[in-house]
Structure formats: C-alpha cells, structure tokens
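Trainee: Can you walk me through this one? I have it open.
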Amino acid sequence: MKIHNILLICCSLTIGLHAKAEGPKKNNKLQVQKTSVDAARLDQYASELMANHVSPTKVGVDELAVAKLDEYNEQLSRESLMFPADELYNSNWDTLNVNPFVKSSVHFPESYAIDCNTFTMPIDNEIKVTSRYGPRRRRMHRGIDLKVYVGDTIRAAFDGKIRIKSFERRGYGYYLVLRHPNGLETIYGHLSKFLVKENQVVRAGEAIGLGGNTGRSTGSHLHFETRFLGKDINPEEIIDFTSGTPHKDEYVFHNVKINGVKSNIYSTSENAIAVHRVRKGETLGAIANKYGTSVTELCRLNGISKTSTLSIGQSIRFRAKQVTVEASPNAIKTTTQEKQTSLKNDQNKPTSATTNTGKIIEVPIEEAVVSDGPIYHRIQSGDTLYSLAKKYGTSIEKICELNGMKENIIIRVGQKIRCS
C-alpha cells in the first residue's frame with residue numbers, strides 16, 4: 001500500500017513538471033500569433049494610406065489644421081458678435097438714438113447681402129399680425145405689430161448685441177435695439193420687462209424681454225422693426241409672417257435710383273416709401289412731377305389735401321416706383337412693359353432674358369388674366385393697391401371706385417378685390 005502511494009506521488013510530480021515546461025511554449029505561440037495579426041493590420045492600414053497617397057504624418061497635420069481652422073472661425077464669430085457689422089456702421093455705436101445716423105450723414109452701399117439663415121421668430125405664440133408697415137393717418141408706422149399678451153416671452157430674431165435698452169413714453173415704451181453681424185438692426189417695442197442688459201451679446205432665439213402694452217399702444221402687442229443703416233425696411237419684405245420664416249436665406253438690398261438720381265432709398269420693394277424735404281417755392285404738383293407720381297397719391301400718403309400749405313423743410317412721403325430689384329446674382333432683368341408687350345405677341349410663348357452673368361435663358365411669362373367680365377384678385381401677403389394697379393394696368397382710384405372703398409383702407413390677406 002505504501003509503495004502504491006509512493007508511485008502515485010512520483011507520477012503526479014512528473015506530469016506537473018512536464019506541464020510547467022509546455023506552458024511558456026504555448027504562451028509564446030499565442031503571443032507570436034497576436035504579434036503577427038497586429039503586424040498584418042498595420043501593413044493593411046499602411047497599404048490603404050499609400051493607395052490614397054496619404055501619409056500618417058499628413059493625417060496628423062490635416063487634423064491639426066482643421067482644429068486650428070475651427071478655432072479661428074470660432075474666434076471670428078465671437079468678434080463679430082462683440083462688434084457686429086462694425087465696418088458697415090463705421091464704429092457708430094449710438095446708445096441713444098434708434099437711427100444711429102440721425103445726426104450725421106450715412107453712405108449707403110450700392111448693394112448689400114443679408115444672411116437670414118439664423119432667423120428666429122421673436123414670439124412663441126401663434127403669429128397674428130395686427131398692424132402692418134406703412135402710412136398710418138398722419139404718421140409712418142415703421143414696423144409690424146404682432147399680437148402678444150403681457151408677460152409673453154420675446155426673443156432675439158438673430159444673433160446680436162444690445163445697442164439700446166430704453167423707455168419712450170410717447171412712442172416705443174420699453175424697447176430694445178439689437179445690432180446683428182448680418183448688417184440688420186431689429187427693434188422690439190412696448191415691452192413690459194427687460195431680460196437683458198445694454199451691450200449684452202445674445203443668440204438667436206434667446207429671451208430678451210416680456211411682451212407688454214407700454215408707450216404709445218392701445219393694446220398688448222410687440223412692435224417689431226427691421227432697419228439697415230438706420231433706414232426702416234418693411235419686415236414683410238424679409239420675413240414671411242404666415243410661416244414665420246425668411247423669404248430667402250440671403251436677402252439683397254439695393255440703393256435704388258429715382259429718375260436717374262440716387263435717392264438713398266434702400267429696399268427691394270417696388271413700393272418703397274421715400275421722403276422729400278420741401279424747399280422754397282415747391283408745390284405738390286412740382287414734387288409729384290419730380291418723382292413720377294400724382295398729387296392725389298401724395299395727399300393720400302401724407303394725410304393732407306390738395307390745398308394744404310407746404311412749409312420749408314416739411315417731410316413729404318412718396319412711393320419710389322422706379323425701383324431696380326435684383327434679389328440674387330442670377331436675378332432675371334425683365335420689366336413690366338416687356339412682359340406686357342410679349343403677352344400681346346404670344347401669351348403662351350416664353351421670352352428670353354439676360355441674367356447678370358450674361359447668360360441668355362428662357363423665362364416663362366406670367367399668365368395674363370383674359371376675361372370679358374370683371375377681373376378679381378385674391379390678396380396675398382405683401383400685396384398693395386399700388387402693386388395691384390400696376391399688375392392689372394389700372395389705377396388705385398379705379399380699384400377703389402370698383403370696390404367702393406377709400407384709398408387708405410387696409411387690405412387683408414385672402415380678401416377679394418375687383419381690379420377690372
């Protein structure tokens with residue numbers, strides 16, 4: 001029995017020694033296999049780099065360049081917010097006047113493209129326009145009124161910086177003026193409370209105040225203006241307030257001419273409102289003749305009569321009818337007269353037009369309304385009596401006569417207007 005036990009112990013020791021000797025060999029074999037796999041992967045990666053003519057060193061350099069570029073762009077973005085459109089406004093940072101050039105002259109560039117990609121509606125609730133841009137009784141309404149209730153959140157329309165935070169008892173009430181890197185300035189009037197400080201940088205959509213009914217206001221609403229170099233622009237030229245989005249990602253304005261003379265009217269609208277300062281000896285007839293309009297139109301826009309006495313320096317508003325509109329580098333240059341001539345020749349035949357790049361393209365002519373009976377038009381956003389008169393070859397007086405209304409009536413989207 002003892003001998004048997006001794007033999008078992010000896011066999012166990014022999015087997016253990018053999019296993020210990022084989023262990024490192026197996027581990028070495030696994031390590032060699034793993035090293036081979038890693039080497040194969042490296043060879044494959046190197047082959048792929050060589051196939052694409054890219055070296056590992058270049059990959060590292062490219063990644064570093066991209067990182068530096070991102071950092072540089074971020075720095076530029078921060079600087080553009082700290083000094084929004086500084087070169088355009090010539091470092092004029094007026095913290096008192098809505099129009100920063102009210103006490104100095106301003107040079108309007110020939111054209112300027114405004115980036116509208118980041119636009120955010122300044123209100124959260126349902127969009128309801130309560131008053132539009134344009135003449136109102138004896139004064140000019142330079143913005144658009146949006147229905148809000150006292151305490152509703154008001155947001156920044158674009159990234160920008162607070163230029164003015166103030167109160168005007170007989171005007172805006174509590175209001176803010178923001179300047180944006182895209183060149184625009186936006187105004188938010190009749191607020192009940194400020195949520196920002198003067199010179200504060202804000203992002204598009206950031207809460208800047210609360211809706212209210214302060215200042216010259218008959219009910220709670222937001223008075224919203226868009227201005228360029230102090231000149232008020234109809235917000236509906238830039239924003240479609242039915243959808244709450246810009247008409248275009250990039251909106252281009254032009255310094256237009258009236259009768260061949262620069263006017264400092266800065267708009268794409270064919271109904272841009274301009275102002276004439278009365279000089280000694282001028283009459284309504286002379287002013288109407290100068291700007292290609294009528295005395296009746298001047299009286300309607302200014303709330304005066306044909307027998308009113310003009311004073312030197314008085315502001316007389318008129319519509320800049322001769323406006324050159326080029327919404328983009330590929331805008332087609334055609335005139336209403338050319339379209340009407342083409343329609344007389346062939347209503348269904350497209351006419352050729354020249355783009356700014358000189359390329360001749362075929363442009364389908366807008367279909368004319370041909371009828372022996374009366375012609376009606378359904379009002380769309382941006383329509384005016386002037387634009388309807390121009391479109392249907394008639395006059396504002398005639399349209400008012402056909403519809404039994406006054407020239408200063410407010411037309412509404414969806415309204416049916418007889419034009420012939």
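Mentor: Terms come before residues: helices (H or I, at least four residues) and strands (E, at least two) are DSSP runs, numbered from the N terminus. This is a predicted model, where local features need pLDDT of at least 70, side-chain atom pairs count only at pLDDT 80 or more, and totals for chains, interfaces and linings use all residues. Residues are numbered from 1 along each chain as its sequence is written, and side-chain values use heavy atoms, with hydrogens and water left out.

Trainee: What is the average pLDDT of the chain?
Mentor: The average is 75, and 64% of the residues score at least 70. pLDDT is the predictor's confidence in each residue, from 0 to 100.

Trainee: Where does pLDDT stay under 50?
Mentor: Over residues 322-372. The model has 65 contacts beyond four places in sequence for that stretch, a contact being heavy atoms within 4.5 Å.

Trainee: New topic. Where is H190 found?
Mentor: H190 sits in strand β9, residues 184-191. Its phi is positive, about 70 degrees, although H190 is not a glycine.

Trainee: Is H190 buried or exposed, and why?
Mentor: H190 counts as buried because its relative accessibility is 5%. Buried means under 20% relative accessible area, exposed over 50%, partly exposed in between (1.4 Å probe, protein chains only).

Trainee: And what about A85?
Mentor: A85 is in the loop between α2 (56-82) and β1 (111-115). A85 is also not a glycine, and its phi is positive, near 50 degrees. With 12% relative accessibility, A85 counts as buried.

Trainee: How many residues of α5 are buried?
Mentor: Six of the eight in α5 (residues 295-302), among them L298 and R300. Just after α5, G303 has a positive phi of about 65 degrees.
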